[in-house]
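Me: Please take a close look at one loop in this model. Then carry on into the other parts of the fold that can be described in the same terms.

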Amino acid sequence: MISITDLYHVLTAVVPLYVAMILAYGSVKWWKIFSPDQCSGINRFVALFAVPLLSFHFISTNNPYEMNYRFIAADTLQKLIVLAVLAVWSRASSRGSLEWSITLFSLSTLPNTLVMGIPLLKGMYGEFSGSLMVQIVVLQCIIWYTLMLFLFEYRGARMLIAEQFPDTAGSIISFRVDSDIISLDGKEPLQTEAEVGEDGKLHVTVRKSTSSRSEIFSRRSHGPNSGVSLTPRPSNLTNAEIYSLQSSRNPTPRGSSFNHTDFYSMVNGKNASNVSPRQSNYGNLGFDEESGYGNPSRANGAYGQGNAGYPAPASAGIFSPVSGPGAKKKANGAEGAKDLHMFVWSSSASPVSEGGIHVFRGGDYGNELNVGAHPKDYDDFGRDEFSFGNKQGANGTERDGPVLSKLGSSSTAELHPKTTVDTKPTAMPPTSVMTRLILIMVWRKLIRNPNTYSSLFGLTWSLVSFRWHVEMPAIIAKSISILSDAGLGMAMFSLGLFMALQPRIIACGKSVAAFSMAVRFLTGPAVMAAASIAVGLRGVLLHIAIVQAALPQGIVPFVFAKEYNVHPDILSTGVIFGMLVALPITLVYYILLGL
């Protein structure tokens, strides 16, 4: 039976966390103490120093030789059960999708164990439960968050290949990714170059698109008021075809625009007279040589009746490097010349992933904190979907042609992805090729993430120190403790800042929020209870397993969701609203299990 004293100890451990969160919320919402830029600096400090050092402190002081393997097995089995069910659902159901599988996995299995779980469970069940939570944190940081990265990069790779090689993806046998690309999240325009080998297979190189513009076009300035003349430079790329698929919500034209009639004449030579590409309104766009941005006043209505994409002529064979109407001939008329196809891919669609609602901005470290947005940007998020239909321009006129507004599924109006025009499944490259590509990208993300180092260093030190009873030098221990002691309070403080900068606490709508909360606080604990009973957990250990599964949504899954633009509004609602209702819900579980 739960006594009043037990409840008081629980409240003593948890209420101070809520005090820090409420103070941060009031400092922005009511008292206007911090500006969005200042909030960004606070959150960046938390992401890069406070939380990693807090994680290192907990992991390094936990004895890895006294781990409860049955408890770990229950946690692992819960996640494997959810993964298996979601995999079957995504393949067998018409409503299944990779995006929703990732989101549901995050909601049901990845709670906020580090910030909320350790103090809460210590208050409920004593110090030994804190050791169990640390073990869960180690597994999350090393295994499950890495798996999440793998799934997100796999999704990004599929989108990139499906957009640029829908007919020839099965012929790709190798990928080479330039070292300056650290993610396939679609935020930056990426360029792929496909070369046909002797065996007819494709060898693809992925690089940032800006690296090739200066090699193909030269800009000549004729004075400050005369704009820039874009003259094609002679290219040594025989049979090159270059097209661009870009997505942007920004109401300003992108830099580096050119006249497509001249370009097709350059590429197709004498056959240019037989080609009638759609004219681009960016052809006469004024261009600032120093700033690199076009002059909207000279865009000739670029966003009124302009084309968002750059469609190729029918004879260009844009997506068929091997054969088809776009296959080129050598100068002597012989077939079989090696074509070089370059495509530009960009999916910078969401204000949540670009200039909008930032908490942990996906930068070099992958989970960098950055708060600050305009409410209007957030309200516009999610309104434009991927479509090939006519769209309304800024002045209300229609603009036809392919419009790529968003790649992926970030809609939360319904619990299944919207069907696109082309329902034909795209053949993917061989599994070994895809696996190598994704592992490269995941490795690049992990080595830039400070939480990766904090977890590995903490685990390494704990293995050494508890094996040979080595104590950390006092100078190093004090240096770490100064920041790690502030880590817990600062993490809650940054959550309060994030909440205050949001236009709405329930960003995804009430029905979807109710569904996500049910998954978080009902489905997750239910699966954990079944997994725990299956591995033989009983008594207090069973109670701890169920209560920790009922903790609010973890922050790191939201960071990934925002960075890759996969239902970030659902995960943000899970973090914010979940924190508000977490205390009463966990107390209900604690009381019911103690009866």
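Reply: **The loop and its surroundings**

His567 sits in the loop that joins α15 and α16. Helices here are DSSP runs of H or I with at least four residues, strands are runs of E with at least two, and both are numbered from the N terminus. The model is predicted, so local features need pLDDT of at least 70 and side-chain atom pairs count only at pLDDT 80 or more, while totals for chains, interfaces and linings use all residues. Residues are numbered from 1 along each chain as its sequence is written, and side-chain values use heavy atoms, without hydrogens or water.

Phi of His567 is positive, near 50 degrees, and the residue is not a glycine. Most residues other than glycine have a negative phi. His567 is buried, because its relative accessibility is 0%. Buried means under 20% relative accessible area, exposed means over 50%, and partly exposed lies in between (1.4 Å probe, protein chains only).

Asn565 belongs to the loop as well, between α15 (555-564) and α16 (568-594). Asn565 also has a positive phi, about 60 degrees, and is not a glycine. At 5% relative accessible area, Asn565 is therefore buried.

The UniProt record, an unreviewed entry, lists "transmembrane region" for residues 540-561 and 573-592, among others. Its positions follow the numbering used here, feature names are shortened, and annotations may be inferred rather than shown by experiment. The record's list also includes 101-120 and 132-152. Residues 101-120 are 85% helix and 0% strand, with end C-alpha atoms 29 Å apart. Residues 132-152 are 100% helix and 0% strand, and there the end C-alpha atoms lie 28 Å apart.

Helix α6 covers residues 127-164 and packs against α11 (residues 450-468). The angle is about 130 degrees and the axes are 10 Å apart. Axes are lines fitted to C-alpha atoms, for helices over the stretch in contact, and angles run from 0 to 180 degrees between N-to-C directions. The pair α6 and α11 is therefore oblique. The cut-offs are under 35 degrees for roughly parallel, over 145 for roughly antiparallel, 65 to 115 for roughly perpendicular, and oblique for the rest.

Now the cysteines. Cys141 is partly exposed, because its relative accessible area is 22%. Cys508 is buried at 6%. The disulfide count is zero, where a disulfide is a pair of cysteine sulfur atoms within 2.5 Å.

The strands come next. Strand β3 (residues 202-208) is mostly covered, with five of its seven residues buried. Strand β1 (residues 172-177) pairs with β3 in the parallel sense over five bridges. Two strands pair if DSSP finds at least two bridges between them. Across that pairing, Phe175 stands opposite Val204 in β3.

Strand β2 (residues 190-196) pairs with β3 in the antiparallel sense, over seven bridges. Val196 has Leu202 of β3 as its bridge partner. The hairpin of β2 and β3 has five residues between the strands, and Gly200 there takes a positive phi near 80 degrees. Thr192 lies in β2. Its relative accessible area is 1%, so Thr192 is buried.
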